[in-house]
Amino acid sequence: MSAILIVGGDVVTMNGRREVVTDAAIAVVGGRVAAIGTPAAVRSRFPGTPELDARGCVVIPGLVNAHQHTTADPLVRSAIPDDIGAQEAIFDWAVPLHAAVTGDDDELSATLTAVESLTRGVTTLLEPGTVAHPLRVAAGLRAAGIRARVGRWGWDVDGQPYALPAAEALAAQEETVRAIGTDGPVTGWVTLVGHDLASDALFAGAAALAQRLGTGVTWHLSPGPEDAVAYAKRAGTRPVLHLRDLGVLGPRLLLGHAVHLDDAEVDVLLESGTAVASCPAAYLRLGQGYTRAGRHAELVRRGGRVALGCDSHNASDVPDVLRAAWLLAALEKDRGGPWALRADEAFALATIDGARAAGLGDLVGSIEVGKAADLVVLDTRDPAWTPRGDLATHLVWGAPSHTVRDVLVEGAVVVRDRRVTTVDVEALGREAAERSAALLRRTGIDVPHRWPRVPAVHLGGQQ
């Protein structure tokens, strides 16, 4: 990896003291942050090193998206109607689409998701596991240059796509992690679909497998009230309490959602160190009742481990972590009470606290010497930055993800002057359109359009 200096920006370090180093230079060597200081001092230590001019800009740590689906949905984004319930959206739309994807579809949609994420300042994403072709997904993510953790479909219920008996599902999980690898920007991750769609043997086996492989594990739980009802019928208790009794909770586990919790479940998550990925835009889009039941800010305030996620292209619709931070802060502030989050706390969830929740805090989430050089340069010439206010407030409430100018992942420049350097974006778009049409034809799904589409030639110059 070649060295580079990022020179002249105001660096939002997100270190332990939350320092903003003004008019600074960052030296990047071997994919790591090697020094932070004045431009003169850094240049003297690294003479002749190529430079990226960041004068007047704001430099932030790469954002962490702890729950982002990369397959199927990106090819039919904003297509699932917004006037149906979450269960219908999942089982009448998402599952059939996932059942029909090819390896080519998965790789392309992963690249598309990664490219869009990078242009919004997201440098790390965790794929929560509805992946039919994990090696192809890993290849697509690597092509874009993003940092990612990738799993595969993991459930052992009858009659669902890619379902396997528990022992076979666990063997497939291990094979996937070993094939993708555990070193480098894109690595394997143990994943289950979760909900009430996995047996106790599969839950316990996945937790043990993650421990043995030295990786993390994630699954979905309680975005709506349905899981609590199902667990009560099956196990006689609520989901988190059942998982505690199985012995599968703990610091390696990142639960997607965990919105509908009672007091005992919140206490158990805190005691066990289990992390939660909060996807506020998805809960609003799918009408899952976050404003009535969500307790993510309470978890944060009580010392819990919480990250932000953006879910899928038919849930939150946009892989924009700053937007997720804004939404969570806004929802909690509007509800009132003692748990409301300040902007600086919400931004921490998008960076260092989110990285820690995902088990990556020693690698990413802050700009500090020795950590991975995952950096984002925001262009403050944009009117959204004029005039500049308090940085924490501006980064969250100002929602400036559209001002991302440059992005580095492990020291490699993957976005430069707002252009992705790793992928031909125009060609990607053309192929995505073709694959989208083919996928919809295979599933027999006709996307409803709210407004009639009328070719101009049919108007005959009448309007």
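Predicted model: local features only at pLDDT ≥ 70, side-chain atom pairs only at ≥ 80, totals over all residues.
**View 1. Helix H6 lies across strands E10 and E11.** Helices (H or I, at least four residues) and strands (E, at least two) are DSSP runs, numbered from the N terminus. Angles run from 0 to 180 degrees between N-to-C directions, and axes are lines fitted to C-alpha atoms, for helices over the stretch in contact. Residues are numbered from 1 along each chain as its sequence is written, and side-chain values use heavy atoms, with hydrogens and water left out. Local features need pLDDT of at least 70 and side-chain atom pairs count only at pLDDT 80 or more, whereas totals for chains, interfaces and linings use all residues.

**View 2. Five strands form an open sheet with parallel pairing.** The order is E10-E11-E12-E13-E14; two strands pair if DSSP finds at least two bridges between them. Strand E10 (190-194) and strand E14 (305-308) stand at the edges with a single partner strand each, so one side of each has no neighbour in the sheet. On average, neighbouring strands are turned by 25° against each other, direction ignored. Within this sheet, strand E12 (residues 253-257) and strand E13 (residues 275-278) are joined by three bridges, and Leu 254 has Ala 275 in E13 as its bridge partner.

**View 3. A further open sheet contains four strands in parallel pairing.** Its order is E6-E7-E8-E9. Strand E6 (63-65) and strand E9 (186-188) are the edge strands, each with a single partner strand, so one side of each is left without a neighbour in the sheet. The twist from one strand to the next averages 15°. Strand E8 (residues 147-150) pairs with E9 over three bridges, and Ala 148 stands opposite Val 186 in E9.

**View 4. Helices H13 and H14 pack against each other.** The axes of helix H13 (residues 321-335) and helix H14 (residues 343-350) are 9 Å apart and form an angle of about 140°. H13 is therefore oblique to H14. In H13, Val 321, Leu 322, Ala 325, Leu 328 and Ala 329 meet Ala 346, Phe 347, Leu 349 and Ala 350 in H14.

**View 5. A salt bridge joins Arg 77 and Glu 116.** The N to O distance is 2.9 Å; a salt bridge is a side-chain nitrogen of Lys or Arg within 4 Å of a carboxyl oxygen of Asp or Glu.

Methods
Parallel < 35°, antiparallel > 145°, perpendicular 65-115°, else oblique. Contact = heavy atoms within 4.5 Å.
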